[in-house]
Amino acid sequence: MYKTDNEIMSINEKVDYDIQKIRSDFPILSRPIHNKPLVYLDNAATTHKPKCVIDKVSEYYSELNSNIHRGVHYLSQKATVEYENAREKVLRFINASKLSEIIFTKGTTDSINLVANSFGRKFISKDDEIIISHMEHHSNIVPWQILCEEKGAKLKVIPIDDKGEIIYEEFEKLISTKTKLVSIVHISNSLGTINPVKEIIETAHSYGIPVLVDGAQGVQHLTVDVKELDCDFYVFSGHKLYGPTGIGILYGKQKILEQMPPYQGGGDMIASVTFEKTTYNSLPYKFEAGTPNIIGGIALGTAIDYMNSVRMEKISGYENSLTVYAANVFSNIEGLKIIGTSKNKAGIISFVLENIHPHDIGTILDFDGIAIRTGHHCTQPVMQRYGVPATARISLGMYNTKDEIDYTAAALKKVFEVFA
Amino acid sequence: MENEIRELYQQVILDHNKSPRNFKKLENANHFAEGYNPLCGDHIDIFIYTEGDVIKDVSFQGSGCAISKSSASLMTTMVKGKTITEAEEIFSKFQDLVTGKLKSEEEIEELGKLAIFQGVREFPARVKCASLAWHTLNSALKNDNKTIVTE
């Protein structure tokens, strides 16, 4: 008898995905919280760091610390090589083709602000339109609102349906010759929806409109190939990808980046400076003013090495089976309602309990060592859309287990008991 | 662990959460303020009717977690009939209670029913939940008519 795909996947999982080994790579997972084992289900906020990343930070400051670029001494050259190697690791990780297209930033928010300020300042004018969706994080709403206000441009919003999927026909209706940019989230941080970004990009490109993809929740869950997507910008944060905070990436197509003015002025982003005129450095340095987060970049490279050693496809496969399992367990809890039931969904499950505020759920689960997030998740328009002030959210990472899901479900029953 | 949960979510808190007192709009209110905690989306409207210096009637409406809702409910029962100065004094002591500044048992006991919120001091993230209603009351009494934001 033939085996179903799911059965084959679950066999592969057992053979290939050594969850205990992976868990042992993350030191924090073995620390207790309130005398209970830590069950960390807040990975969409930030992920934990494997030991190799932690060690890299320490090793850098002990062995390599120096400012990069232009230094002629040994340490500076070594640090520069490591930093630029990390850029190459990012390039391969998202399958970009040129190093000039990989810009180090502080994080997703910084990357979006860079595009809003630089691309926006040059290419958006009065009565132009920018399209976003109803499920955007505030960081993919507010920079565009600020820009629109300054330029007299308009922000258009693709509506979402009850399942938390964008209504594609509405997107097609919104797009026009006035549209100058589409900026859309890859995976919603509050609903878990995986957006059809490839189709969105194709549609936008048929009108000659560039597309920015907010990959803050994308790169850690799915294999991202910017060439295949053909996106014009792809942005993400290091700390949600098992790397350090304060480092992020802006990928942009070279031909667009070249036309964009610098975002910030300062050191490193110049070729020559006189009081009469400054010529800017070439890409990607044109957008990297000042001493960067050197170890952030290097350790992000180490995090990528770590993910590659496990293999992205396996992480995706494992997380997908865990998501299906969690959705199943949670939807069988009476009085629990899942917010966001899109067909294509990543490991993010938002829910509400009847008559119990998410904040109270979060506090009670914390007693059991379970870390979840409660609130509006920086997506207030999503909360308004579903008529809830807040949700409780679990978000999965590569190290979570089915046992942790079961343990959380049992703890949720306790929440009901307290409020019975 | 169970005990710790019960210490925070005492029966009185759960009871006021389930059946909040004075949970309505006050038609003859002469003081009003709106409170909002952007962190968790808690939202509260406070209505007060005063005659001279005395809080004759007080009520609230809104949505929030068990801590914020029960705190608002208990607050209305505590300040009704009190003078504005007395209400302000209770507020000040309550603030000290939930932030852990009130140490002596005697002072805590003086707060009467409000003492049940002392468990909150162990949870810095929840202090604002307990004090939102009080901040809003304070603003309403001052007739600021401003939206109070706890962040």
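**Chain A as a whole**

Of the 420 residues in chain A, 48% are buried; a residue is buried if 20 or more other C-beta atoms lie within 10 Å of its own, exposed if 12 or fewer, and partly exposed in between, with C-beta atoms placed from the backbone. The model is predicted, so that local features need pLDDT of at least 70 and side-chain atom pairs count only at pLDDT 80 or more, whereas totals for chains, interfaces and linings use all residues. Residues are numbered from 1 along each chain as its sequence is written, while chains are lettered from A and ligands numbered from 1 in the order in which they are written.

Chain A contains 15 helices and 17 strands; helices (H or I, at least four residues) and strands (E, at least two) are DSSP runs, numbered from the N terminus. The radius of gyration of chain A is 22 Å, which agrees with the value near 22 Å that a compact globule of 420 residues would have; the radius is taken over C-alpha atoms, and the globule rule is 2.2 Å times the number of residues to the power 0.38. The C-alpha trace of chain A spans about 75 × 55 × 50 Å along its principal axes. Among contacts in chain A with a separation of 6 or more, 70% are between residues 24 or more positions apart; two residues are in contact if their C-beta atoms, placed from the backbone, lie within 7 Å.

**The seven-stranded sheet**

Seven strands of chain A form an open sheet in the order β4-β10-β9-β8-β7-β5-β6, with mixed pairing; two strands pair if DSSP finds at least two bridges between them. At the edges stand β4 (102-105) and β6 (154-158) of chain A, each with a single partner strand, so one side of each has no neighbour in the sheet. Neighbouring strands of this sheet are turned by 20° against each other on average, direction ignored.

Strand β10(A) pairs with β4(A) in the antiparallel sense over four bridges, and T105(A) has G248(A) as its bridge partner. The pairing of β9(A) with β10(A) is also antiparallel, over five bridges, and there S237(A) stands opposite G248(A). By contrast, β8 (residues 211-214) and β9 (residues 233-237) of chain A pair in the parallel sense over three bridges, with V213(A) and Y234(A) as bridge partners.

Helix α5 (residues 108-123) of chain A lies across β4, β7 (179-185), β8, β9 and β10 (248-252), running at about 35° to β10(A). For such angles, axes are lines fitted to C-alpha atoms, for helices over the stretch in contact, and angles run from 0 to 180 degrees between N-to-C directions.

**The four-stranded sheet**

A further open sheet in chain A has four strands in the order β13-β14-β17-β16, with antiparallel pairing. Its edge strands are β13 (336-339) and β16 (373-375), each pairing on one side only. Within this sheet, β14 (residues 348-353) and β17 (residues 391-395) of chain A are joined by four bridges, and F351(A) stands opposite A392(A).

**Loops of chain A**

A cis peptide bond, with omega of about 0°, joins L283(A) and P284(A); P284(A) lies in the loop between β12 (278-280) and α11 (294-310). N95(A), in the loop between α4 and β4 of chain A, has a positive phi of about 55° although it is not a glycine. D268(A), also not a glycine, has a positive phi near 75° and is found in the loop between α10 (254-259) and β11 (270-273) of chain A. With 17 C-beta neighbours inside 10 Å, D268(A) counts as partly exposed.

**Chain B**

In chain B, helices α2 (residues 11-18) and α3 (residues 66-79) pack at an angle of about 85°, with their axes 8 Å apart. That angle makes α2(B) roughly perpendicular to α3(B), a term covering 65 to 115 degrees, where angles under 35 degrees count as roughly parallel, over 145 as roughly antiparallel and the rest as oblique.
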